[in-house]
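Student: Hi! Could you walk me through this model?
Tutor: Happy to, here it is.

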Amino acid sequence: SAVDIISAIEFDKTGDHLATGDRGGRVVLFERTDTKDDYPITRHPEFRYKTEFQSHEPEFDYLKSLEIEEKINKIRWCQTANGALFLLSTNDKTIKFWKVQEKKVKKISEMNVDPSKAVGNGSVASSSNSSAPKPYLANGGCTDRLHNSPGNDFSIPAGGFPSLRLPVVTSAETSLVARCRRVYAHAHDYHINSISNNSDGETFISADDLRINLWNLEISNQSFNIVDVKPGNMEDLTEVITSAEFHPNQCNMLAYSSSKGSIRLIDLRQSALCDSHAKLFEEQEAPGSRSFFTEIIASISDIKFAKDGRYLLSRDYMTLKLWDINMDSGPVSTFQVHEYLRPKLCDLYENDSIFDKFECCLSGDGSRVATGSYSNLFRVFGCSPGSTEATTLEASKNPMRRQVQTPSRPSRSLTTLTRVVRRGAESPGVDANGNSFDSATKLLHLAWHPTENSIACAAANSLYMYYA
């Protein structure tokens with residue numbers, strides 16, 4: 001069903017846990033099993049289902065008469081503490097901070113009396129309706145223990161108890177419990193498209209179409225507006241914010257992209273309201289190449305920093321671009337994702353597919369980049385110097401049947417082994433040239449394992465793991 005379609009996917013920093021969010025507002029967690037002591041160390045990481053919880057519910061904004069759907073837009077992992085997992089999840093309006101922890105189920109055993117006859121914390125049941133006076137002894141003792149207490153059978157047996165046993169608390173089993181620690185709400189007038197943790201471990205940002213807010217994880221009723229691109233007159237609006245992310249190492253730097261195809265790098269040390277940017281990254285148009293669709297396909301749907309923070313990856317509708325943050329004259333590499341769709345831009349515009357927002361990701365060592373496409377396909381490119389890798393793969397239960405190579409570039413193919421870890425769904429086949437197009441089966445969300453060459457990708461309601 002539609003609520004099962006995966007809408008967000010994210011590895012934690014260690015790569016031992018994977019989180020997915022879906023349109024039904026649920027967050028599902030998977031944990032790595034091949035690094036445990038009771039599992040042999042294998043060549044590829046293996047994940048199994050850990051737990052799931054309902055993160056968001058459908059809401060209604062009565063002031064604006066708008067329905068707020070429960071779909072999870074983004075998930076971000078936070079620092080772990082005391083064996084507990086922490087993560088942020090957001091829908092269009094509300095961000096929540098979750099703690100997932102193993103709790104031991106405690107039981108009381110080894111009692112003299114039958115626990116089923118106890119009331120409360122082992123106290124004797126008594127009636128409060130009686131108006132007759134009760135004789136009391138010192139220290140709260142009562143001579144008439146069974147005063148007006150029908151059905152209570154706590155009389156001391158003849159001869160007393162042979163021995164006095166104090167109750168013992170035992171832990172029989174453990175269960176995973178997800179608890180919402182904070183709710184960050186009422187700070188965005190427009191739909192939230194991004195959340196990103198700061199490297200300081202204390203703050204994070206949330207971005208909507210026109211503003212970026214800075215939050216402290218411990219303070220849910222206050223945020224600071226650090227970027228505001230809303231014009232005085234909304235008729236003068238020319239671009240919106242599409243994605244935002246903190247620098248992985250420098251807590252004062254962050255980048256955000258716009259619908260005009262530009263990326264702005266800002267420094268929080270310059271001013272409280274970052275109206276001006278430290279650097280601007282945008283590619284100049286080739287003379288005579290402008291068309292009706294130029295601005296639409298130039299809109300950047302996702303940006304990601306490389307692990308070392310030196311490079312920045314962006315995804316627009318047709319291409320992946322790799323930027324060096326020390327060089328703002330243009331991208332250092334451009335990768336064509338589905339160039340064969342360029343003659344079909346008019347059809348894509350008619351069915352609104354041209355506005356689809358694809359995510360991108362980088363490998364932990366920075367040598368590869370990946371992004372999704374249509375017909376459940378995703379592309380992997382080598383971005384290290386001299387690399388000519390360009391591979392197209394299909395997310396399906398049987399990925400070995402189709403491995404589409406791009407004829408324009410020689411490639412080193414990925415060795416693939418997939419594990420369907422939740423809710424499988426078959427995808428349509430593709431032809432030998434990779435020119436199949438099915439807008440109903442688009443692969444929008446994917447994430448690269450931070451330490452190994454493994455990609456997790458979501459195709460509709462199925463989650464697949466590919467190993468390089």
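Student: What should I know about the model before I start?
Tutor: This is a predicted model, where local features need pLDDT of at least 70, side-chain atom pairs count only at pLDDT 80 or more, and totals for chains, interfaces and linings use all residues. Residues are numbered from 1 along each chain as its sequence is written, and side-chain values use heavy atoms, with hydrogens and water left out.

Student: In what order do the strands of the open sheet come?
Tutor: The order is β1-β2-β3-β4, with antiparallel pairing. Strands here are DSSP runs of E with at least two residues, helices are runs of H or I with at least four, and both are numbered from the N terminus. Two strands pair if DSSP finds at least two bridges between them.

Student: Which strands stand at the edges?
Tutor: β1 (6–11) and β4 (47–54) do, each with a single partner strand, so one side of each has no neighbour in the sheet.

Student: And how many bridges join β1 to β2?
Tutor: Five bridges join β1 to β2 (residues 17–22). Ile6 has Asp22 as its bridge partner in β2.

Student: Jumping ahead, what does β20 pair with?
Tutor: β20 pairs with β19 (residues 302–305) in the antiparallel sense over four bridges, and five bridges join β20 to β21 (residues 319–324), also antiparallel. Ser314 in β20 is the bridge partner of Ile303, and Lys321 in β21 is the bridge partner of Ser314.

Student: How many residues link β20 to β21?
Tutor: Three, in a hairpin. The hairpin of β19 and β20 has five residues between the strands, and there Gly309 takes a positive phi near 80 degrees.

Student: Is β20 mostly covered or uncovered?
Tutor: Mostly covered: four of the five residues in β20 (residues 311–315) are buried. Buried means under 20% relative accessible area, exposed over 50%, and partly exposed in between (1.4 Å probe, protein chains only).

Student: New topic: how many disulfides are there?
Tutor: Zero in the whole structure, counting a disulfide as a pair of cysteine sulfur atoms within 2.5 Å.

Student: Last one: where is Tyr349?
Tutor: Tyr349 is in helix α2 (residues 345–350), and counts as partly exposed because its relative accessible area is 31%.
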